[in-house]
Amino acid sequence: MRIENNKVVTIEYKLMLEDGTVVDSSAGKAPHVYLQGAGNIVPGLEVALEGHSEGAELDVKVLPTSAYGRRNDELVHKVPRSKFPPGEIKIGMKFEAEGKRGPALLRVVGLDDNDVTVDSNHPLAGKTLVFSVKVLNVRDATPAELADRRAHTAGYVHPNFRSDVKPS
């Protein structure tokens with residue numbers, strides 16, 4: 001079966017930066033399962049996988065515009081320390097804050113006595129990504145997966161399903 005929209009795809013992968021630094025991998029973990037065409041993975045990888053079948057192995061270079069976007073310096077701000085919870089703040093810490101478009105994840109990238117510099121860019125924004133992928137399985141999506149716009153993996157319980165209610 002070929003990878004196309006509305007197919008559930010299972011892959012093993014290694015994600016690297018252009019310099020070979022490994023950012024993420026499915027090695028030692030469960031393979032990644034996603035619904036093709038639902039925007040569940042970076043667009044450039046989704047496009048590259050289209051048309052491949054089970055057993056395919058490919059290396060894919062994905063430019064920032066087809067991954068996490070370009071880095072936006074306007075998403076780096078100084079915030080008064082008083083706006084943060086009490087306690088030690090360290091570079092690299094992450095906080096969730098309410099932004100103009102809903103919740104935003106902020107990473108601490110700088111500190112001084114009065115302010116905390118935060119960055120709400122995705123950590124991989126502006127980076128070219130290199131994926132090494134092996135396609136393990138391709139199958140038709142279930143009606144529930146199509147409705148949810150995501151793959152369901154073993155042990156998944158649909159939020160509208162109640163085990164204490166039996167069909168009549």
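## Salt bridges in a predicted model

Asp24 is partly exposed, because its relative accessibility of 29% falls between the 20% and 50% cut-offs. The model is predicted. The side chain of Asp24 forms a salt bridge with Lys29, at 3.1 Å from N to O. In total, 8 salt bridges are counted.

**Lys7 and Asp140**
- The side chains of Lys7 and Asp140 form a salt bridge, with an N to O distance of 2.3 Å.
- Lys7 belongs to strand E1 (residues 7-17) and Asp140 to strand E9 (residues 129-140), so the bridge ties together parts that are 133 residues apart in sequence.
- Lys7 counts as buried because its relative accessibility is 12%, and the cut-off for buried is under 20%.
- Asp140 has 44% relative accessibility and therefore counts as partly exposed.

**Lys61 and Glu18**
- A salt bridge joins the side chains of Lys61 and Glu18, at 3.3 Å from N to O.
- This pair links distant parts of the chain, 43 residues apart.
- Lys61 sits in strand E4 (residues 57-62).
- Glu18 sits in the loop between E1 and strand E2 (22-25).
- Lys61 and Glu18 are both exposed.

Key
Residues are numbered from 1 along each chain as its sequence is written. This is a predicted model: local features need pLDDT of at least 70, side-chain atom pairs count only at pLDDT 80 or more; totals for chains, interfaces and linings use all residues. Side-chain values use heavy atoms; hydrogens and water are left out. A salt bridge is a side-chain nitrogen of Lys or Arg within 4 Å of a carboxyl oxygen of Asp or Glu. Helices (H or I, at least four residues) and strands (E, at least two) are DSSP runs, numbered from the N terminus. Buried means under 20% relative accessible area, exposed over 50%, partly exposed in between (1.4 Å probe, protein chains only).
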